[in-house]
Every structure is written in structure tokens, then in C-alpha cells.
Amino acid sequence: MSNAVFPTLPGLMFPVTKTPRFSTQIKQAVSGRELRRANYTFPLVAFGLQYEFLRDTIEFPELKTILAFFMARKGSFDSFLFRDPDDYQVVNQLIGTGDGVTRSFQLVRDIGSGPEPVANVATVLDGPLMWSADPATIMWSADSSTAMWSPGVDYRLTDYTLSATGLRTFNVAPPAGLPIYWSGTYYYRCRFLDDAQDYSKFMAQLWELKKVNFLGTLGVRL
């Protein structure tokens with residue numbers, strides 16, 4: 001499983017396709033009544049790219065860049081990371097509410113159909129929480145054990161570990177009733193759908209690549 005990032009090249013042309021895919025088992029009785037079973041909780045996403053030009057010069061080695069990337073993955077064998085330019089970040093995404101005991105929260109992103117786990121995190125852009133969503137919460141406390149600066153209570157929520165699957169574990173359990181958010185960027189983990197790519201030379205030192213298809217997930221299924 002590689003963490004190499006799919007290269008960004010200037011020759012990318014439109015349309016770029018993005019196809020969410022589910023898997024459903026369907027059994028049909030003689031009467032026509034169906035029984036259906038969903039195999040995926042979250043979809044896999046098929047991406048389709050095409051490049052109208054790839055330069056092959058010393059100054060612009062775009063052909064060699066994408067060719068080397070494909071060969072290093074051995075076609076569909078190895079996975080890689082892809083940043084979808086339209087789906088790569090969240091801002092103040094709710095991931096849970098503290099109960100004073102739970103320390104681990106899964107990073108997610110929500111596109112309207114519900115939260116989807118995010119595993120391939122690129123950056124976390126969290127800052128200190130200086131206020132509460134609860135207007136009744138006072139900013140300063142007379143109890144020094146719960147003061148914002150107390151070493152025993154991490155109100156800033158910046159002391160934590162982050163696993164490869166996007167599980168965020170705080171050193172100190174967030175207080176009960178405190179909403180937990182995260183902001184940051186992420187990748188899709190992908191693999192090429194094919195073991196071959198067709199490059200066409202249409203002019204001196206200029207090539208085109210009409211089909212680059214790969215399958216992606218926000219998790220670690222590939």
C-alpha cells in the first residue's frame with residue numbers, strides 16, 4: 001500500500017468523470033418479489049481522467065512523470081493517494097460529542113447522506129476552542145481544576161494521536177457535552193482499474209493519454 005500521490009499535470013482535459021458505486025445482491029422469487037442486500041455501507045468511487053497533451057522534454061517531463069507513476073504501481077497491483085480537487089477538505093466537521101470518558105473519535109466527512117469515515121488524512125488544521133456552542137457556558141471558571149489553562153484538562157483539544165485509519169485519540173477525554181470538530185484535508189486511496197495504459201504521440205515531444213481509470217475510497221478498503 002503506497003502513499004505516493006497521483007501527480008498533478010497541466011494537460012488534464014474535461015470531462016472528468018466521478019462515479020459512486022455500490023454493490024447489491026438481489027434475489028428474485030418466482031412471484032417477482034425481491035430480496036436485496038447491500039454489500040457496501042459506503043460507495044467505492046470510480047474516477048476517469050484524460051490528458052490532451054503530455055510533454056516529453058527535459059524542462060517538462062510530464063509523459064515520464066505519469067508513466068513512471070503507473071509503472072511503479074505495477075498497474076492495478078499497488079494503491080496510491082489521489083486528491084480530488086472538488087472533494088478534499090472539511091471545515092468544522094462534527095465528529096462527536098464528549099461524554100467525559102470517550103477519548104477516541106473517527107474523523108468523518110458529511111456530504112448530506114451521513115458521515116463517511118475518512119482514513120487518508122493529509123493535514124489537520126484545528127485551532128484552540130475559545131468558546132462553546134452552549135451559550136450558557138462561561139469562558140472563565142472559578143474552579144482552577146477546570147480552567148482553560150489547566151494542565152489536567154485539554155480544552156484546546158490539540159493533544160492527541162491520529163491513526164492511519166483516521167481515528168483521533170485525545171490524551172484527555174473531552175468534557176461531557178462538548179462538540180468535537182475537525183478541519184483539514186484528505187485523500188482518496190485508489191488503485192488503477194487496468195494493467196495497461198495507451199499513450200499516443202501526435203506531434204514531436206507531445207503525447208496524449210485518453211483514458212486513466214482508477215477506483216477510490218475514503219477508507220482503507222483498497
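**Exercise 1.** State how β6 and β13 pair and over how many bridges.

*Solution.* Step 1: β6 and strand β13 (residues 179-186) pair in the antiparallel sense, over six bridges. Two strands pair if DSSP finds at least two bridges between them. Helices (H or I, at least four residues) and strands (E, at least two) are DSSP runs, numbered from the N terminus. Step 2: for Q93, the bridge partner in β13 is W182.

This is a predicted model, in which local features need pLDDT of at least 70 and side-chain atom pairs count only at pLDDT 80 or more, while totals for chains, interfaces and linings use all residues. Residues are numbered from 1 along each chain as its sequence is written, and side-chain values use heavy atoms, with hydrogens and water left out.

**Exercise 2.** Give the strand order of the open sheet and name its edge strands.

*Solution.* Step 1: the order is β6-β13-β10, three strands with antiparallel pairing. Step 2: β6 (89-97) and β10 (121-124) are the edge strands, since each pairs on one side only. Step 3: on average, neighbouring strands of this sheet are turned by 45° against each other, direction ignored. For such angles, axes are lines fitted to C-alpha atoms (for helices over the stretch in contact), and angles run from 0 to 180 degrees between N-to-C directions.

**Exercise 3.** Locate Q197 and decide whether Q197 is buried or exposed.

*Solution.* Step 1: Q197 is found in the loop between β14 (188-192) and β15 (199-203). Step 2: buried means under 20% relative accessible area, exposed over 50%, partly exposed in between (1.4 Å probe, protein chains only). Q197 counts as buried because its relative accessibility is 14%. Step 3: leaving aside neighbours within four places in sequence, Q197 is in contact (heavy atoms within 4.5 Å) with F70, F192, L209 and V212.

**Exercise 4.** Find where D56 lies and which residues D56 touches.

*Solution.* Step 1: D56 is in the loop between β4 (44-55) and α1 (62-72). Step 2: not counting residues up to four places away in sequence, D56 touches L63, K64, Q205 and W207. Step 3: D56 and W207 are 151 residues apart in sequence, and their C-alpha atoms are 7.6 Å apart in space.

**Exercise 5.** Compare the exposure of K74 with that of Q205.

*Solution.* Step 1: K74 has a positive phi of about 55° although it is not a glycine; Q205 also has a positive phi, near 65°. Step 2: K74 is exposed, with a relative accessible area of 59%, and Q205 is partly exposed, with 45%.
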